[in-house]
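Please look over the sequence and the model shown here before reading on. The report below begins with the chain as a whole and then turns to one strand and to some aromatic rings.

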Amino acid sequence: MHERLVFQVNLILFGGFFGSGKTSLILSLAHFLVKKEGAKKTELVIIENEVGEIGIDNKVIETSGFTVKEMFAGCICCQLTASLTLALNDIAEKINPKWVIVESTGLAYPGKILNTIGRHSKSIDNAVTITVVDSQRWEEYYAATPVLAKTQVTDGDIIIINKTDLVTEEQLTYVKNRVTELNPKAQIHKVSANQNVEDSVWEKVVGINE
(Lines give C-alpha, C1' and ligand atoms only; values in the text may rest on other atoms or scores of the structure.)
Protein backbone atom coordinates (compact mmCIF):
# COMPACT_ATOMS: atom_id res chain seq x y z
CA MET A 1 0.00 0.00 0.00
CA HIS A 2 1.28 3.42 -0.93
CA GLU A 3 1.53 5.98 1.86
CA ARG A 4 -0.85 8.87 1.33
CA LEU A 5 0.70 12.29 1.13
CA VAL A 6 -0.43 15.05 3.46
CA PHE A 7 -1.31 18.34 1.81
CA GLN A 8 -2.17 21.64 3.44
CA VAL A 9 -5.64 22.26 2.06
CA ASN A 10 -8.12 24.49 3.85
CA LEU A 11 -11.66 23.14 3.55
CA ILE A 12 -14.72 25.36 3.94
CA LEU A 13 -17.96 23.38 3.94
CA PHE A 14 -21.21 25.25 3.30
CA GLY A 15 -24.45 23.74 4.58
CA GLY A 16 -27.99 25.02 4.77
CA PHE A 17 -31.40 24.40 3.29
CA PHE A 18 -32.31 24.84 -0.38
CA GLY A 19 -32.63 28.46 -1.44
CA SER A 20 -30.83 29.86 1.58
CA GLY A 21 -28.28 31.65 -0.61
CA LYS A 22 -25.24 29.39 -0.32
CA THR A 23 -24.04 29.94 -3.90
CA SER A 24 -24.10 33.73 -3.65
CA LEU A 25 -22.18 33.62 -0.38
CA ILE A 26 -19.65 31.17 -1.82
CA LEU A 27 -19.00 33.55 -4.72
CA SER A 28 -18.55 36.43 -2.29
CA LEU A 29 -16.10 34.42 -0.17
CA ALA A 30 -14.20 33.18 -3.25
CA HIS A 31 -13.72 36.71 -4.57
CA PHE A 32 -12.60 37.82 -1.11
CA LEU A 33 -9.97 35.07 -0.90
CA VAL A 34 -8.58 35.93 -4.32
CA LYS A 35 -8.49 39.64 -3.51
CA LYS A 36 -7.12 39.23 0.02
CA GLU A 37 -4.29 36.87 -0.82
CA GLY A 38 -3.58 37.96 -4.37
CA ALA A 39 -4.11 34.34 -5.29
CA LYS A 40 -4.95 32.98 -8.70
CA LYS A 41 -8.40 31.51 -9.06
CA THR A 42 -6.80 28.15 -9.85
CA GLU A 43 -5.64 28.03 -6.23
CA LEU A 44 -9.26 27.79 -5.14
CA VAL A 45 -11.53 24.88 -6.05
CA ILE A 46 -15.30 24.77 -5.53
CA ILE A 47 -17.09 21.42 -5.27
CA GLU A 48 -20.75 21.70 -6.14
CA ASN A 49 -23.28 19.03 -5.16
CA GLU A 50 -26.76 18.92 -6.67
CA VAL A 51 -29.59 16.44 -6.24
CA GLY A 52 -30.46 15.95 -9.88
CA GLU A 53 -28.83 15.49 -13.25
CA ILE A 54 -28.09 19.07 -14.29
CA GLY A 55 -26.21 21.61 -12.22
CA ILE A 56 -27.62 25.12 -12.15
CA ASP A 57 -25.69 27.00 -9.47
CA ASN A 58 -22.34 25.88 -10.87
CA LYS A 59 -23.01 27.85 -14.06
CA VAL A 60 -23.12 31.00 -11.97
CA ILE A 61 -19.85 30.08 -10.28
CA GLU A 62 -18.08 29.14 -13.52
CA THR A 63 -19.12 32.44 -15.09
CA SER A 64 -17.02 34.13 -12.42
CA GLY A 65 -13.96 32.14 -13.53
CA PHE A 66 -13.60 29.64 -10.70
CA THR A 67 -12.87 25.93 -11.01
CA VAL A 68 -15.96 23.85 -10.28
CA LYS A 69 -16.18 20.10 -9.72
CA GLU A 70 -19.71 18.71 -9.90
CA MET A 71 -20.92 15.73 -7.88
CA PHE A 72 -24.34 14.31 -8.70
CA ALA A 73 -26.38 11.12 -8.19
CA GLY A 74 -27.48 11.78 -4.64
CA CYS A 75 -27.02 13.55 -1.35
CA ILE A 76 -23.45 14.42 -0.48
CA CYS A 77 -24.03 13.22 3.08
CA CYS A 78 -24.97 9.73 1.91
CA GLN A 79 -23.56 7.72 -0.98
CA LEU A 80 -21.47 10.61 -2.31
CA THR A 81 -19.43 11.09 0.85
CA ALA A 82 -16.94 8.44 -0.24
CA SER A 83 -16.72 10.07 -3.67
CA LEU A 84 -16.15 13.42 -2.02
CA THR A 85 -13.28 12.04 0.02
CA LEU A 86 -11.67 10.56 -3.08
CA ALA A 87 -12.22 13.83 -4.94
CA LEU A 88 -10.56 15.85 -2.18
CA ASN A 89 -7.52 13.56 -2.15
CA ASP A 90 -7.32 13.72 -5.95
CA ILE A 91 -7.63 17.52 -6.00
CA ALA A 92 -4.98 17.88 -3.31
CA GLU A 93 -2.54 15.66 -5.17
CA LYS A 94 -3.08 17.03 -8.69
CA ILE A 95 -3.88 20.71 -8.02
CA ASN A 96 -2.88 21.26 -4.40
CA PRO A 97 -5.00 24.41 -3.97
CA LYS A 98 -4.86 26.39 -0.79
CA TRP A 99 -8.64 26.55 -0.51
CA VAL A 100 -11.42 24.09 -1.29
CA ILE A 101 -15.01 25.23 -0.84
CA VAL A 102 -17.71 22.54 -0.78
CA GLU A 103 -21.35 23.43 -1.26
CA SER A 104 -23.45 20.57 0.09
CA THR A 105 -27.03 19.92 -0.86
CA GLY A 106 -29.79 21.32 1.31
CA LEU A 107 -30.52 17.84 2.65
CA ALA A 108 -27.00 17.28 3.99
CA TYR A 109 -25.85 16.97 7.58
CA PRO A 110 -22.49 18.83 7.60
CA GLY A 111 -21.21 17.07 10.70
CA LYS A 112 -21.53 13.65 9.06
CA ILE A 113 -19.64 14.87 6.02
CA LEU A 114 -16.71 16.19 8.05
CA ASN A 115 -16.56 13.08 10.22
CA THR A 116 -16.21 10.88 7.15
CA ILE A 117 -13.65 13.18 5.56
CA GLY A 118 -11.65 13.25 8.78
CA ARG A 119 -11.53 9.47 8.95
CA HIS A 120 -10.59 8.80 5.34
CA SER A 121 -8.81 11.85 3.95
CA LYS A 122 -5.27 13.01 4.65
CA SER A 123 -5.53 16.02 2.37
CA ILE A 124 -7.24 18.44 4.75
CA ASP A 125 -5.13 20.66 6.96
CA ASN A 126 -7.98 22.74 8.39
CA ALA A 127 -11.76 22.53 8.08
CA VAL A 128 -14.61 24.84 9.01
CA THR A 129 -18.36 24.43 8.56
CA ILE A 130 -20.57 27.37 7.61
CA THR A 131 -24.32 26.92 7.95
CA VAL A 132 -26.44 29.39 6.02
CA VAL A 133 -29.80 30.18 7.63
CA ASP A 134 -32.60 31.69 5.57
CA SER A 135 -34.05 34.29 7.93
CA GLN A 136 -37.12 34.74 5.72
CA ARG A 137 -38.11 31.05 5.78
CA TRP A 138 -36.54 29.81 9.01
CA GLU A 139 -39.84 29.04 10.74
CA GLU A 140 -41.15 27.25 7.64
CA TYR A 141 -38.06 25.05 7.38
CA TYR A 142 -37.93 24.29 11.08
CA ALA A 143 -41.60 23.32 11.18
CA ALA A 144 -41.22 21.02 8.16
CA THR A 145 -37.86 19.40 9.03
CA PRO A 146 -36.98 20.17 12.65
CA VAL A 147 -34.24 17.53 13.00
CA LEU A 148 -32.47 18.58 9.80
CA ALA A 149 -32.75 22.30 10.56
CA LYS A 150 -31.55 21.87 14.13
CA THR A 151 -28.64 19.60 13.16
CA GLN A 152 -27.46 21.89 10.37
CA VAL A 153 -27.31 24.75 12.87
CA THR A 154 -25.64 22.77 15.64
CA ASP A 155 -23.05 21.40 13.16
CA GLY A 156 -21.95 24.90 12.14
CA ASP A 157 -18.75 26.51 13.38
CA ILE A 158 -20.11 29.67 11.79
CA ILE A 159 -23.75 30.57 11.21
CA ILE A 160 -24.55 33.10 8.50
CA ILE A 161 -28.08 34.43 8.80
CA ASN A 162 -28.90 35.49 5.26
CA LYS A 163 -31.59 37.63 3.58
CA THR A 164 -31.63 40.25 6.33
CA ASP A 165 -33.02 42.73 3.81
CA LEU A 166 -36.20 40.68 3.44
CA VAL A 167 -37.28 40.55 7.08
CA THR A 168 -38.12 42.99 9.82
CA GLU A 169 -35.74 43.72 12.66
CA GLU A 170 -38.09 41.84 14.98
CA GLN A 171 -38.01 38.74 12.77
CA LEU A 172 -34.23 38.94 12.50
CA THR A 173 -33.85 39.14 16.26
CA TYR A 174 -36.11 36.13 16.68
CA VAL A 175 -34.10 34.02 14.23
CA LYS A 176 -30.79 35.05 15.78
CA ASN A 177 -32.07 34.15 19.25
CA ARG A 178 -33.25 30.74 18.06
CA VAL A 179 -29.92 30.05 16.36
CA THR A 180 -28.01 31.13 19.45
CA GLU A 181 -30.12 28.81 21.61
CA LEU A 182 -29.33 25.87 19.32
CA ASN A 183 -25.63 26.64 18.95
CA PRO A 184 -24.34 29.13 21.56
CA LYS A 185 -20.68 28.46 20.62
CA ALA A 186 -21.02 29.38 16.94
CA GLN A 187 -19.77 32.59 15.38
CA ILE A 188 -22.90 34.32 14.03
CA HIS A 189 -23.10 36.88 11.22
CA LYS A 190 -26.14 38.64 9.76
CA VAL A 191 -25.83 39.45 6.05
CA SER A 192 -27.68 39.91 2.78
CA ALA A 193 -26.13 37.97 -0.10
CA ASN A 194 -27.98 40.29 -2.50
CA GLN A 195 -25.86 43.13 -1.19
CA ASN A 196 -22.13 43.31 -0.58
CA VAL A 197 -20.94 41.15 2.30
CA GLU A 198 -18.43 43.17 4.29
CA ASP A 199 -14.82 41.98 4.19
CA SER A 200 -14.80 41.96 7.99
CA VAL A 201 -17.21 39.00 7.92
CA TRP A 202 -14.97 36.92 5.68
CA GLU A 203 -11.88 37.96 7.62
CA LYS A 204 -13.40 36.39 10.72
CA VAL A 205 -14.43 33.30 8.77
CA VAL A 206 -10.96 32.81 7.31
CA GLY A 207 -9.41 33.52 10.70
CA ILE A 208 -10.77 30.24 12.03
CA ASN A 209 -8.46 28.47 9.61
CA GLU A 210 -5.35 30.39 10.57
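## The chain as a whole

The protein chain exposes about 10400 Å², and carbon and sulfur atoms supply 50% of that area. Of the 210 residues in the protein chain, buried residues make up 50%, and the secondary structure comes to 8 helices and 7 strands. When contacts between residues at least 6 apart in sequence are considered, 76% of them join residues at least 24 apart.

This is a predicted model, and the protein chain has an average pLDDT of 78, with 74% of the residues scoring at least 70.

Strand β6, which covers residues 158-162, is mostly covered, since 5 of its 5 residues are buried. In a regular strand the side chains alternate between the two faces of the sheet. In β6, Ile158, Ile160 and Asn162 point one way, whereas Ile159 and Ile161 point the other way, and all of these residues are buried.

Strand β5 (residues 124-134) runs parallel to β6 and is joined to it by 5 bridges, with Thr131 standing opposite Ile159 of β6. Strand β7 (residues 187-190) is also parallel to β6, and 4 bridges join the two; here Gln187 in β7 is the bridge partner of Ile158. Together with helix α7 (residues 169-182), the strands β6 and β7 make a right-handed β-α-β unit.

## Aromatic rings

The structure holds 3 aromatic pairs. The rings of Phe17 and Phe18 make an edge-to-face pair, because their planes stand at 80°, with the centres 5.7 Å apart. The rings of Trp138 and Tyr142 form a tilted pair, with 5.3 Å from centre to centre and 40° between the planes.

Trp138 and Tyr142 both lie in helix α5 (residues 138-144), where they are 4 residues apart, about one turn of the helix. Phe17 and Phe18 belong with Tyr141 to one aromatic cluster.

How values were computed: Residues numbered from 1 in each chain as written. Heavy atoms only, no water. Buried < 20%, exposed > 50% of the residue type's maximum accessible area, 1.4 Å probe, protein only. Pairing = 2+ DSSP bridges. Right-handed = clockwise from strand over helix to strand, strands pointing away. Contact = heavy atoms within 4.5 Å. Areas by Shrake-Rupley, 256 points an atom, 1.4 Å probe, with all protein chains shown as cover. pLDDT = per-residue confidence, 0-100. Phe/Tyr/Trp six-rings, centres within 6.5 Å; stacked < 30°, edge-to-face > 60°.
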